[in-house]
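Good morning. I will go through one model today, so please have the sequence and the structure open while I talk.

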Amino acid sequence: MGGAKKTTWIGGTVVVGLLIVVAAWFLAISPALTSADEVRAQAEQARQQNELLELKLVQLKADFEKLPEYKAELAGLQTQIPSDAAMAEYFRQVDQIATAHSVTVTALTPSTPTAVTLAASTAPAPTETTEPTETGDGSTDATGTATSTDTAGAAGAVPTGFVAIPLSLTVLGTYDDTVAFLNDLQNATPRLFLVSGLTGTSQKEAEASGGKPATGPGDQELVVTGYVYVLPDALGMAATPDADAAPPALPGAVAGKNPLVPITGR
């Protein structure tokens with residue numbers, strides 16, 4: 001009897017111990033392990049983010065060290081394409097080139113600025129290729145076709161406010177001098193000038209008249225058309241007013257006051 005009771009107590013103790021272990025696993029150990037895994041995952045994610053931030057910091061530091069270089073490059077680009085029209089300054093540059101090459105500018109006419117737009121890309125027509133298809137008897141029949149289309153990449157965006165100013169100018173001088181003038185007009189001026197067309201006309205011997213200098217055989221009248229460009233500074237551009245916004249209301253008439261009576265000064 002005593003041995004049976006002892007065995008029962010031992011079995012009950014083992015069962016209770018197992019229940020305690022199972023309860024401890026589900027209620028304490030397993031959640032603790034899950035929480036530890038989550039903490040490790042968060043720590044790994046934070047470590048990766050820190051590494052990315054360090055890389056960005058290194059890149060920003062390198063860019064900051066090159067800031068004077070970037071500013072100088074930007075200043076050079078703004079000289080070629082200024083942020084305002086500055087046509088008077090450009091006309092002075094043209095006059096200096098003309099004087100240097102002994103040619104006379106007889107006409108210099110800018111036109112209305114136009115917005116710069118990129119030409120729309122045209123996609124090529126679809127091409128059909130013949131592919132052999134296998135027939136039931138094991139032979140091949142070249143009747144299958146596959147259609148492929150090559151599409152051009154999307155055009156880049158044009159900066160806001162980027163405009164071209166059409167310009168036409170006429171010069172008179174010797175052939176060599178007018179050609180040298182045209183070369184310096186494109187290459188020696190700080191500002192970018194794109195030549196879109198030119199017409200050279202041979203001159204005969206003639207006396208000076210109507211603002212034109214005297215010409216001789218072999219002289220040339222050169223008419224040059226082209227564009228100069230303007231790109232406003234994005235940081236300095238003021239907000240454009242809304243075209244659809246209603247104008248501010250004007251003050252109304254003061255009741256009992258005659259608007260035709262002069263105001264007496266004090």
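**Salt bridges, core and loops**

By the rule used here, the count comes to four salt bridges. A salt bridge is a side-chain nitrogen of Lys or Arg within 4 Å of a carboxyl oxygen of Asp or Glu.

Before the details, some ground rules. This is a predicted model, where local features need pLDDT of at least 70 and side-chain atom pairs count only at pLDDT 80 or more, while totals for chains, interfaces and linings use all residues. Residues are numbered from 1 along each chain as its sequence is written, and side-chain values use heavy atoms, with hydrogens and water left out.

Start with helix α1, residues 2-65, which holds both E51 and R47. Helices here are DSSP runs of H or I, at least four residues, and strands are runs of E, at least two, numbered from the N terminus. The side chains of E51 and R47 form a salt bridge, 2.4 Å from N to O. The two residues are four apart, about one turn of the helix. E51 is partly exposed at 39% relative accessible area, and R47 is partly exposed at 37%. For these words, buried means under 20% relative accessible area, exposed means over 50%, and partly exposed is in between, with a 1.4 Å probe and protein chains only. E44 joins in as well: E44, R47 and E51 are linked in a network of salt bridges.

Next is helix α3. E89 and R92 meet in a salt bridge of 2.7 Å, N to O. Being three residues apart in α3, E89 and R92 are separated by about one helical turn. E89 has a relative accessible area of 37%, so it counts as partly exposed; R92, at 47%, is also partly exposed.

Another salt bridge pairs K212 with E221, and their closest N and O atoms are 3.5 Å apart. Is E221 buried or exposed? E221 is buried, because its relative accessible area is 17%. K212 is partly exposed, at 40%.

Now the inside. In soluble globular proteins, nonpolar side chains tend to be buried together. A nonpolar core here is a set of buried Ala, Val, Leu, Ile, Met, Phe, Trp, Tyr and Cys residues joined through side-chain atoms within 4.5 Å. The largest one has 18 residues, and Y90, L169, F181, L185, F193 and V224 touch the most other members. Two or more core residues come from each of α3 (87-100), β5 (163-174), α4 and β7 (219-230). Which element gives the largest share? That is α3, with five residues.

F181 is worth a look on your screens. Apart from neighbours within four places in sequence, F181 is in contact with V94, I97, A98, H101, V103, L169 and V171. Contact means heavy atoms within 4.5 Å.

Then helix α4, residues 175-187, where T178 is found. T178 is buried, since its relative accessible area is 0%. With neighbours within four places again left out, T178 has contacts with V103, V171, L172, G173, Q220 and L222. With Q220 there is also a side-chain polar contact of 2.6 Å. A polar contact is a pair of N or O atoms within 3.5 Å; within protein, one must be able to donate a hydrogen and the other to accept it, and residues adjacent in sequence count only if both atoms are side-chain atoms.

D177 is partly exposed, at 23% relative accessibility, and its side chain makes a polar contact of 3.0 Å with the side chain of T174. D177 and A98 are 79 residues apart along the chain, and their C-alpha atoms are separated by 8.8 Å.

Most residues other than glycine have a negative phi, and most peptide bonds are trans. S102 is not a glycine, yet has a positive phi of about 60°. S102 sits in the loop between α3 and β1 (104-110), and is exposed, at 57% relative accessible area. A86 is not a glycine either, and its phi is positive at about 45°. A86 is in the loop between α2 and α3 and is partly exposed, at 36%.

That is the end of the tour.
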